[in-house]
Amino acid sequence: MPLNWKTGGLLLGFVFFLAVLLVKPIGVSTQFVILDGIVADTLNPDFITKTDEGYTSTNAYMAKSNGKYAKNASNPLNYSFVFVLAMMAGAFLSTMARGGIDRAERTMPAIWRANFGDGAGRRYAMAFVGGFVVLYGARLAGGCTSGHMMSGMMQTSISGYIFTLGAFAAAIPVSLMMFKKEG
Amino acid sequence: MQLILAILIGGAFGAVLDRIGATNPNWIGRMLSLKHLHLMKTILLAIGTGSILMFGGQMLGFVDVGHMSVKAAYAGVFIGGLLLGAGWAASGFCPGTGVCAAASGRKDAWFFIAGGLLGAAAYMATYPMWKASGLLDNVAGGKVTLGSVPGSKFDGILAMQGDILGIVLGLGFVVIAFILPERLLGDASGAELPAE
């Protein structure tokens, strides 16, 4: 069982507060673009170029906002990128500290198994497609569950409310259709 | 210094996401299919707590209003939200919980990340089309908050003081977190399921 929602909610809220107190609101999905930029620039060194004013890219999205993303992809040791790597380390250590995740669950969650059976290929395919749609949507929206929903609504930002409305308007019907059994 | 903060805050965020069950697609699925709202209560309480602490801290003067970062509102925010919601429900992961789940040993989450990198690349390639469509043009003033927050560079759309409104709404989130039942649909008498 996860933490009691009162303890968990206070802890999570405190982390979001710490972030905005010390640095800036939490966000994650941009770092998928940054990693794509790092990979693209490794394969094709002309992808990101340094200019007199900063950085730019042959890709219009990487180059937007005066090359903000291009700059971060050229300097991966920046706050936001390291933040995501640290999240992974934190989640790993926390999982290990509570004894890890059992073998069957590591392949697919119980709720998936209960509704769609044991085939790992189907689960991996859906996770891949889901990832594609989630990140395409997050970049179109300009943020994800962390940046728009949590950080956004916490700051009373209008865009956070619009995003959350859209996310649940799709997520609830899809989930109701797919997961009739609880797992 | 910035990188040390990234490691400390990022590490804490990842650990908390693990402990509240957000990195576990079982809890995401139970929440989004309205069967078990434990995680929803956690998230609502977190938003409320964060809001009250941040706006309270601003009023007391120890939180820099300049640290706020409000994203622009445009039609694409809603469309993107719909897409993210559908993929979130189908896979059980969102960007942050996906990377944490992968690090925790969930193999399916690595497929989510791979799909995510491709999806982000697809958006990078199709961005000019969205830009030209006008769906990325600001609506309702773009980077705006509900009320105007004193000292902030973002405008408010309501004639109310933004920090006070933020605390009121924060309290509202906390109250909803308490009122919301643990179970909505499904078997209320169901035995506690093995979470993992």
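A residue is termed buried when its relative accessible area is under 20%, exposed when that area is over 50%, and partly exposed in between, with a 1.4 Å probe and protein chains only. By that criterion, buried residues make up 57% of the 196 residues in chain B.

This is a predicted model, in which local features need pLDDT of at least 70 and side-chain atom pairs count only at pLDDT 80 or more, while totals for chains, interfaces and linings use all residues. Residues are numbered from 1 along each chain as its sequence is written, chains are lettered from A and ligands numbered from 1 in written order, and side-chain values use heavy atoms, with hydrogens and water left out.

**Chain B**

Helices (H or I, at least four residues) and strands (E, at least two) are DSSP runs numbered from the N terminus. Chain B has seven helices and two strands, and from the N terminus on its elements run α-α-α-α-α-α-β-β-α. The C-alpha trace of chain B spans about 50 × 45 × 40 Å along its principal axes.

Rolling a probe the size of a water molecule over the atoms shows where empty space is left. On a 1 Å grid over the protein atoms alone, a cavity is a set of points where a 1.4 Å probe fits but cannot get out, and a pocket is an open set with protein on both sides within 12 Å along at least five of seven lines; lining residues have an atom within 4 Å of a point. Grid points are joined across faces, edges and corners, and a volume is the space filled by probe spheres set on the points.

The largest pocket holds about 1,300 Å³ of space. Its lining comprises 48 residues, of which T30(A), K68(A), Y69(A), S69(B) and K71(B) lie nearest its centre. Two or more lining residues come from each of helix 2 (30–43), helix 3 (60–74), helix 4 (79–97), helix 7 and helix 8 (145–154) of chain A and from helix 6 of chain B. Helix 3 of chain A gives the most, with seven residues.

The structure also holds two cavities of 30 Å³ or more. The largest cavity has a volume of about 160 Å³, and its 18 lining residues include T145(A), L17(B), A22(B), C94(B) and T97(B), which lie nearest its centre. Helix 8 of chain A supplies the largest share of this lining, four residues.

The second largest cavity has about 60 Å³ of space. Of its 15 lining residues, F179(A), P25(B), A89(B), S91(B) and G92(B) are the closest to its centre. Helix 6 (110–116) of chain A, with helix 2 and helix 4 (75–91) of chain B, each supply at least two residues of that lining.

The linings are divided below by class: Ala, Val, Leu, Ile, Met, Phe, Trp, Tyr, Cys and Pro count as nonpolar, Asp, Glu, Lys and Arg as charged, and the others, Gly among them, as polar.

| Lining | Residues by class |
|---|---|
| Largest pocket | 18 nonpolar, 20 polar, 10 charged residues |
| Largest cavity | 14 nonpolar, four polar, no charged residues |
| Second largest cavity | 10 nonpolar, four polar, one charged residues |

**Nonpolar surface patch**

F128(A), V129(A), W110(B), F111(B) and L118(B) make a nonpolar surface patch of about 460 Å². Patches consist of residues with over 30% relative accessible area and no salt bridge, like charges being joined within 9 Å and nonpolar side chains (Val, Leu, Ile, Met, Phe, Trp, Tyr) within 5 Å. A salt bridge is a side-chain nitrogen of Lys or Arg within 4 Å of a carboxyl oxygen of Asp or Glu. Accessible areas come from the Shrake-Rupley method with a 1.4 Å probe; for residues, only the protein chains shown count as cover.

Helix 6 of chain B gives the most to the patch, with three residues. V129(A) lies in helix 7 of chain A and is partly exposed, with a relative accessible area of 45%.
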